[in-house]
Amino acid sequence: MLRILYFVLFLIGLYPWVHFYRWFDQNGWDLGPMVDAWYVNEATTGITWDLTIAAMVLVVWTIVEIVRHRDWWFLLVVPATFGVGVSAGLPLALFLKARKNA
């Protein structure tokens, strides 16, 4: 049951891409202006750093899982995290981890 919840949260975690896509559609597909938008004020800068640090921690944990357990499926967490965000990467990692405990 918990595994299903993690998968549903992963699917919900893909939602930020709706906003990313709209932004890119309106502003072009150059990543530079989007990164600039992340630092327009102290609030967005704080959120950007918070999510960057969380993403780094998640990737370190992912690498440890891969090395320790030779679980190559955990490699999916890296593109989910950096391609969408922590909102997708973390529930995907928990989903993958939960299958071992099922």
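Let me begin with the side chains of Arg99 and Asp71, which meet in a salt bridge with 2.6 Å from N to O, where a salt bridge is a side-chain nitrogen of Lys or Arg within 4 Å of a carboxyl oxygen of Asp or Glu. Arg99 lies in helix 6 and Asp71 in the loop between helix 4 and helix 5, so this pair ties together parts that are 28 residues apart in sequence. Arg99 is partly exposed, with a relative accessible area of 28%, whereas Asp71 is buried, with a relative accessible area of 6%. By those words I mean buried for under 20% relative accessible area, exposed for over 50%, and partly exposed in between, with a 1.4 Å probe and protein chains only.

Before I go on, please keep in mind that this is a predicted model, in which local features need pLDDT of at least 70 and side-chain atom pairs count only at pLDDT 80 or more, while totals for chains, interfaces and linings use all residues. Residues are numbered from 1 along each chain as its sequence is written, and side-chain values use heavy atoms, with hydrogens and water left out.

How many salt bridges does a search of the whole structure find? The search finds two, and the other pair I want to show you joins the side chains of Lys97 and Glu65, at 3.0 Å from N to O. Lys97 lies in helix 6, residues 86-101, and Glu65 in helix 4, so here the parts tied together are 32 residues apart in sequence. Glu65 is buried at 3% relative accessible area, and Lys97 is partly exposed at 24%.

Let me stay with the loop for a moment. Arg70 lies between helix 4 (42-69) and helix 5 (77-83), and this residue has a positive phi of about 50° although it is not a glycine. With 55% relative accessibility, Arg70 counts as exposed.

Now for the overall picture: the protein chain has six helices and zero strands, where helices (H or I, at least four residues) and strands (E, at least two) are DSSP runs, numbered from the N terminus. Of its 102 residues, 28% count as buried, and the C-alpha trace spans about 45 × 25 × 25 Å along its principal axes.

In helix 1, the buried residues are Tyr6, Phe10 and Gly13. They cover an arc of only 65° around the axis, which puts them on the same side of helix 1; the arc is that of the directions from the helix axis to the C-beta atoms. On the other side of helix 1, Ile4 and Ile12 are exposed.

Finally, the aromatic rings. The structure holds eight aromatic pairs, counted when ring centres of Phe, Tyr and Trp (its six-membered ring) lie within 6.5 Å, with planes under 30 degrees apart called stacked, over 60 edge-to-face and the rest tilted. Phe7 and Phe95 form a tilted pair, 5.3 Å centre to centre with 50° between the planes, and this pair links distant parts of the chain, with Phe7 in helix 1 and Phe95 in helix 6, 88 residues apart. Phe95 is buried at 16% relative accessible area, while Phe7, at 35%, counts as partly exposed. Trp23 and Phe24, by contrast, form an edge-to-face pair, 5.6 Å centre to centre and 80° between the planes. Trp23 and Phe24 also belong to one aromatic cluster, together with Trp17, Phe20, Tyr21 and Trp29.
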